[in-house]
Amino acid sequence: MRSKAPLVLIEQMVMLLVFALASALCLQAFVKSDAISVRSEEKGRAAIAAQNAAEVIRHKGGDIENAFTQTGRMLGGTYEQGELRIDYDENWNVTDKDGVYYLIAQEVPAQVSGLRKASVQVATDAQKADPGILFELEVAWQEVDADE
């Protein structure tokens, strides 16, 4: 009579293989969910930064140069060559050197006289694994003449 030991060993090896495959799939799912979570947090913080900048730009008002200069002073950014730039480090703190994230505000041509518009974008730098625009919005305000 033959021993049944080889069958038991083969069965256990197959079960071990199935367990290893299942655990590999679970590990991939956890890694992917972590990456999605990090990207969602980045987008949420980018939305807050863009909304804050847009509100300050609209509040300061006037012409583009005044709005961007005042916003730069208030939020820690710089206004040069028609562009407002605010750099953020990896923890979303404003920094004066090139950051991991950055906000760019530029004028958008408005079709109506006396109306000013700006595009506000928050993006990641090219060194990150997934660079690109995280959040974008437009802000508009009325430019009040000094004569009125």
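**View 1. T71 and the residues around it.** T71 touches A53, V56, I57, K60, G76 and L84, leaving aside residues up to four places away in sequence; a contact here means heavy atoms within 4.5 Å. T71 lies in helix 2, and it is buried, with a relative accessible area of 0%. (Buried means under 20% relative accessible area, exposed over 50% and partly exposed in between, with a 1.4 Å probe and protein chains only.) Keep in mind that this is a predicted model: local features need pLDDT of at least 70, side-chain atom pairs count only at pLDDT 80 or more, and totals for chains, interfaces and linings use all residues. Residues are numbered from 1 along each chain as its sequence is written, and side-chain values use heavy atoms, with hydrogens and water left out.

View 2. Helices (H or I, at least four residues) and strands (E, at least two) are DSSP runs, numbered from the N terminus. Helix 2 takes in residues 64-75. Its buried residues are I64, A67, F68, T71 and G72. They cover an arc of only 125 degrees around the axis, so they sit on the same side of helix 2; the arc is that of the directions from the helix axis to the C-beta atoms. Over on the other side, R73 and M74 are exposed. Among the elements covering the buried residues of helix 2 are helix 1 (5-60) and strand 5 (115-124).

**View 3. Strand 5 and its partners.** Two strands pair if DSSP finds at least two bridges between them. Strand 4 and strand 5 run antiparallel, joined by eight bridges, and Y102 stands opposite A123 in strand 5. Six residues lie between the strands of this hairpin, where G114 takes a positive phi near 85 degrees. Strand 5 also pairs with strand 6, again antiparallel, over 10 bridges. Here L115 stands opposite Q142 in strand 6.

**View 4. A few salt bridges.** The structure holds six salt bridges, each a side-chain nitrogen of Lys or Arg within 4 Å of a carboxyl oxygen of Asp or Glu. One of them joins K117 to E138, with the closest N and O atoms 3.4 Å apart. K117 is in strand 5 and E138 in strand 6, so this pair ties together parts that are 21 residues apart in sequence. Another links D87 and R85, at 3.0 Å between the closest N and O atoms. D87 is buried at 8% relative accessibility, while R85 is partly exposed at 25%.

Note on methods: Expected span 1.5 Å × (residues − 1).
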